[in-house]
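Trainee: I would like to learn how to read a model like this one. Can we take it feature by feature?

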Amino acid sequence: MMGAHRMDWTLYGEGLQTNAFSTIQNWRFRLENEDLAFSDWEQLGFPAEAVIRLFFNSGKHFGDPALLAELVRIHQGLSAFHAEEESGAYRLTQALMRSFLDKHNQSYDHLTYTAMPIFELFQDHRSFDILLRTQADIVIALICDLIRFELRTLLGEEARMQQHLPAPRKLRQRIYVAIRAIVSCSAFDEHLMLPAHIDHLIGLWQEETRQEDRAISSYLAEETLALTDGIFAQLDPKLGLLMDLSLIPVYVAHDEYLFLRVLQAFEMLFLIVAEGLNECIGLIAAESYSVAAERFHLLNNVLRLSPAIFRILSTMTSATFNGFREYMRGASALQSENYKKIELYAAHPDPGRFRSPSFDSVPRVTREYLQPAFANLQDVVMPLLPGSCPAQDILQPMIAGMQALDSTFVTWKVTHYQIVKAMIGDAPGTSGQTSGTPYLKLMLEMPLFPYLKASLARPAAM
Ligand code: HEM
C-alpha cells in the first residue's frame, strides 16, 4: 500500500467489485487467523484501494453493510496491536478507518469527510519553509488530480462518480481555470518546472470554453495528460498515493469530487497560514520584526491563491451541488480546525464570536486556546502599537504585512459568502448549527487583527 503507483480507476467493472470485496474479506481472515507479528503489518498491505473502489460504487452514505461489517472487524483487529509500535502503514490504516467508518459510527464531520487525518501523515513540519513547499505541492497534486478526473470524464473514460454530470462546457471551464491555478501555485515551489508551452495550453482550453459540445481533440487531451503526468513525476511520489487514498465520497454525484478537492486545497492553505502566524508570535517576541514582516507578506501571498481556487469551485452549479449536499449533512467547514487556528493565533476573539457555533465546533482548538500558557499575536503586538512604543519605523513593514493579510482574509470571507449565497441561497448550513448565509453575513466584516485597526486609528501619544 505504501508504493508510489497510481490506481487505474478506469478498470471498474462488476467483476472488479466482487474481487475487491473478496480481497478485503481474505485480508480480514488472515488478520484474525494468522498469528501476525506487528512487523508483518507493513508487508501485509491493507487493501485500502479495494475499499475505496467499493465506496465509489455507492458513496459512504449508502455504504454496503457487508463491507462495513468487514471494516469494523478489521478495525477491531487493528486495535489489538500495541500502539507504541506504530509503523507508518499502521497509522495510515488507522487514519483511513476514521474516514471509512465515520458515517457508520457517527463520528462523521468535516475532518473525516475531507480525510484530514490522512493528509496529516503526509505533511512535513520540520520547518516552516519545508511545510510551505510540501503544502503547495499537495495543492498542486490535488488540482492535477482533479484535471485528470475531469478530462477522463470528458473523454468518456472515467467510471467513478458519473451521476448528476454538469454540462461538458462547465468541465472545460473547470480544466481551464484549474491549469491557471497550477501556474499560480507553482510560485511556491521553485523546483517545479512547468512546460514551456503551458500558456499555449491554457489558451487552447480557454478556446474550448467557448465551444458547445464538440469533442476534445486528441492533441489537447494528450498534452493535458502529459502536463499532469509531468508534474506528478516531479512531486514526491507519495503524493500520488495520497491522491488515491484521500477521495472517499459520501455519494456518487460527479461534482463532489471537485468539492472535496477544493475543500482539501483550502485546508492545505489554511494550515500554512496558521503555522506561519504561530511562528510570527515567536519572531515578534524575539524582536525579529523584519523577518516577521517578510513572513506576513508571504502568508498574504499564500492566501491570495484563494481566488484561483474559488474560480475552480465556481464551475459547480447549485443544481450539481444539490446532487450530493444532503448526504454531506453533519460535515461543514465550520469544523475546520486550521481556519479557527488562524483566527486564534491572530487575536483573542470577542466573547460573542467565541461562544458562537464557529468555535463550539472545534473543541480541540478551543482547548488549546484556553491553556494558561497560550499566547497569540495580539499579546505580542499590542504592547508595540502607538501609545505603547516609540519605535514605529521599525514596525511599519510588519504592520503593513499584517494589514495586507487582514484585507485578504476579509476578501476570502466575502468571496466565500457570495459563493454560498449562489449555491444555497437562504437555506441553513450542513452543520445543522447555523442559519447559513445570514450567519456568515454577521461575521463578514470582522477583521483578523481588530486591535490593529482600533489602535492605528488612535493618535499616537506625544
Ligand atoms: C458550495 C460551496 C460552499 C457552501 C454552500 C458553503 C456553505 C457554508 C455555510 C452555510 C457555512 C456556515 C456554517 C454552517 O452552518 O455550515 C459555512 C462556513 C464555513 N465555510 Fe463554507 N461553504 C462552501 C464552500 C467552502 C469552502 C470551499 C471552504 C474552504 C475550506 C469553506 C470554508 C468555510 C469555513 C472556514 C466556514 C466557517 C466560517 C466561520 O466559522 O465563520 N466553505 N460554509
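Mentor: Start with the domains: 16 residues of domain 1 are in contact with 12 residues of domain 2. Contact means heavy atoms within 4.5 Å. This is a predicted model, where local features need pLDDT of at least 70, side-chain atom pairs count only at pLDDT 80 or more, and totals for chains, interfaces and linings use all residues. Residues are numbered from 1 along each chain as its sequence is written, and side-chain values use heavy atoms, with hydrogens and water left out.

Trainee: Where do the two domains run, and how far apart are the C-alpha centres?

Mentor: Domain bounds come from an automatic or database domain assignment. Here domain 1 covers 14-107 and domain 2 covers 128-456. Their C-alpha centres are 30 Å apart.

Trainee: Which residues of the largest nonpolar core touch the most other members?

Mentor: A nonpolar core is a set of buried Ala, Val, Leu, Ile, Met, Phe, Trp, Tyr and Cys residues joined through side-chain atoms within 4.5 Å. Buried means under 20% relative accessible area, exposed over 50%, partly exposed in between (1.4 Å probe, protein chains only). The largest core here has 149 residues, and Leu277, Phe296, Leu377, Met398 and Phe449 touch the most other members. Helix H13 (residues 255-285) gives the largest share, 19 residues. Helices are DSSP runs (H or I, at least four residues), numbered from the N terminus. Each of domain 1 and domain 2 supplies at least three residues to this core.

Trainee: What does Phe449 contact beyond its neighbours within four places in sequence?

Mentor: Its partners are Leu277, Phe296, Ala346, Leu377, Met402, Leu405 and Asp406.

Trainee: Is Ser99 buried or exposed?

Mentor: Ser99 has 0% relative accessibility, so it counts as buried. Ser99 sits in helix H5 (residues 88-100). Leaving out residues up to four places away in sequence, Ser99 touches Lys60, Thr112, Ala115 and Ile248.

Trainee: What is the phi of Ala115?

Mentor: Most residues other than glycine have a negative phi. Ala115 has a positive phi of about 60°, although it is not a glycine. Ala115 lies in the loop between H6 and helix H7 (116-121). At 1% relative accessibility, Ala115 counts as buried.

Trainee: What about Gln106: buried or exposed?

Mentor: Gln106 counts as exposed, at 71% relative accessibility. Gln106 has a positive phi of about 55° and is not a glycine. Its place is the loop between H5 and helix H6 (110-113).

Terms used: Helices (H or I, at least four residues) and strands (E, at least two) are DSSP runs, numbered from the N terminus.
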